[in-house]
Amino acid sequence: MTKTVERPTGAVRVRPVRAPSPAGGRRRRGLTDHLRAYGFLLGGLVCFALFSWYPAIRAVVIAFQKYTPGSDPEWVGTANFTRVLSDPEFGAAWRNTLTFTLLALLIGFAIPFVLALVLNELRHAKAFFRVVVYLPVMIPPVVSALLWKWFYDPGAGLANEALRFLHLPTSNWSNGADTALVSLVIVATWANLGGTVLIYLAALQSIPGELYEAAELDGANLLQRIRHVTVPQTRFVILMLMLLQIIATMQVFTEPFVITGGGPENATVTVLYLIYKYAFLYNDFGGACALSVMLLALLGAFSAGYLRLTRSGEEAA
């Protein structure tokens, strides 16, 4: 491309004009897109830093301090950990938490998968039943716990009224030391069922139909199709949801706090409920943070080992 320039003397000079470089324009657009993307991420990173990372780091620091609001912290080394370990409630809290996690896996892990299989086979009213299954998730956890507390009432509660109507023996439910923890597992399973069912349902609908057709041609029945097609195709989702459920149930707090208050006879005191007692009842923030660090270390080690084992299993398969 050329450009004609007239001189005052009347002479004409031809000067070449450079065309804009396409590569330079692409680089500028790419830089602008990156800056815009990082700008959108900045808000989320700031929120995580203020409300997740900073409190976690601060809790680790306080775990080694004698800390009372309004006074200067004093470094005490591992004294908080020693005091927490010698607490009679420490063993009960961990035992109840591990038992709750095991019961939640036995009761609450298979039910969402079975419900997802049923919903996936429905031909009519699919949307209605999905809403019905997901409805408990939309209820605030405290409201849900209060409803179940009334449901479990040994006197006029709906559970015992239904048993009386059927001429069956009644139960103490959340008021009995031998039934309280199972009652809380039922509440937690019901409250968190919907989200898990929808995740399983999405995984089931992504399985190619040709695999089921091939299994049917080979003479596989329903259980064999589930075993040899459904489970292998949803294996990754199952393993990840199991890990997330274990982490969530190890941090159970709302149900024992609202329904049982840790009782009866410390039968439902969990690790998180004990952390709450140290911080807000005993005013011992150092002990609360020490217990939190123990729980964090256990869940971190378990998650790392679990992911390593599942990754090794997938590579071997």
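Me: Is Glu265 buried or exposed?
Reply: This is a predicted model. Glu265 sits in the loop between H12 and H13. The cut-off for exposed is over 50% relative accessible area. Glu265 has 73%, so Glu265 is exposed.

Me: Where is Asn283, and what is its phi?
Reply: Asn283 belongs to the loop between H13 and H14. With a relative accessible area of 41%, Asn283 is partly exposed. Asn283 is not a glycine, yet its phi is positive, at about 55°.

Me: At what angle do H3 and H13 cross?
Reply: Two packed helices are described by the angle between their axes and the distance between the axes. For H3 (residues 88-108) and H13 (residues 271-281), the axes come within 8 Å. The crossing angle is roughly 145°.

Me: Which residues of H13 meet H3?
Reply: From H3, the contact takes in Glu89, Phe90, Ala93, Trp94 and Thr97. By class, the contact of H3 with H13 has 5 nonpolar, 1 polar and 2 charged residues. On the H13 side are Val271, Leu274 and Lys277.

Me: Is Glu89 buried or exposed?
Reply: Glu89 is found in helix H3. Buried means under 20% relative accessible area. Glu89 is at 13%, so Glu89 counts as buried.

Me: Which side chain makes a polar contact with that of Glu89?
Reply: Leaving aside residues up to four places away in sequence, Glu89 touches Asn266, Val269, Leu274, Lys277 and Tyr282. One of these is joined to Glu89 by a polar contact between side chains, at 3.2 Å. The partner is Tyr282.

Me: Which residue has a side-chain oxygen that reaches the backbone nitrogen of Glu89?
Reply: Look at the start of H3. A side-chain oxygen there comes to within 3.0 Å of the backbone nitrogen of Glu89. The oxygen belongs to Asp87.

Me: How far does H3 reach from its first C-alpha to its last?
Reply: H3 has 21 residues. At 1.5 Å a residue, the expected reach is 30 Å. The model is close to that, at 30 Å.

Me: How are H3 and H4 oriented to each other?
Reply: H3 and helix H4 (residues 110-121) have axes 5 Å apart, at an angle of about 20°. Angles under 35 degrees count as roughly parallel. H3 and H4 are therefore roughly parallel.

Me: Which residues of H4 make the contact with H3?
Reply: H3 contributes Leu105, Ile107 and Gly108. The contact of H3 with H4 has 5 nonpolar, 1 polar and no charged residues. H4 contributes Ala110, Ile111 and Pro112.

Me: What separates the C-alpha atoms of Tyr306 and Met240?
Reply: Tyr306 is in helix H14 (residues 285-316) and is buried, with a relative accessible area of 12%. Leaving aside residues up to four places away in sequence, Tyr306 touches Leu239, Met242 and Leu243. Tyr306 and Met240 are 66 residues apart along the chain, and their C-alpha atoms are separated by 9.7 Å.

Note on methods:
Residues are numbered from 1 along each chain as its sequence is written. This is a predicted model: local features need pLDDT of at least 70, side-chain atom pairs count only at pLDDT 80 or more; totals for chains, interfaces and linings use all residues. Side-chain values use heavy atoms; hydrogens and water are left out. Axes are lines fitted to C-alpha atoms, for helices over the stretch in contact, and angles run from 0 to 180 degrees between N-to-C directions. Helices (H or I, at least four residues) and strands (E, at least two) are DSSP runs, numbered from the N terminus. Contact means heavy atoms within 4.5 Å. Ala, Val, Leu, Ile, Met, Phe, Trp, Tyr, Cys and Pro count as nonpolar, Asp, Glu, Lys and Arg as charged, and the others, Gly among them, as polar. The expected span of a helix is 1.5 Å times one less than its number of residues. A polar contact is a pair of N or O atoms within 3.5 Å; within protein, one must be able to donate a hydrogen and the other to accept it, and residues adjacent in sequence count only if both atoms are side-chain atoms. Angles under 35 degrees count as roughly parallel, over 145 as roughly antiparallel, 65 to 115 as roughly perpendicular and the rest as oblique. Buried means under 20% relative accessible area, exposed over 50%, partly exposed in between (1.4 Å probe, protein chains only).
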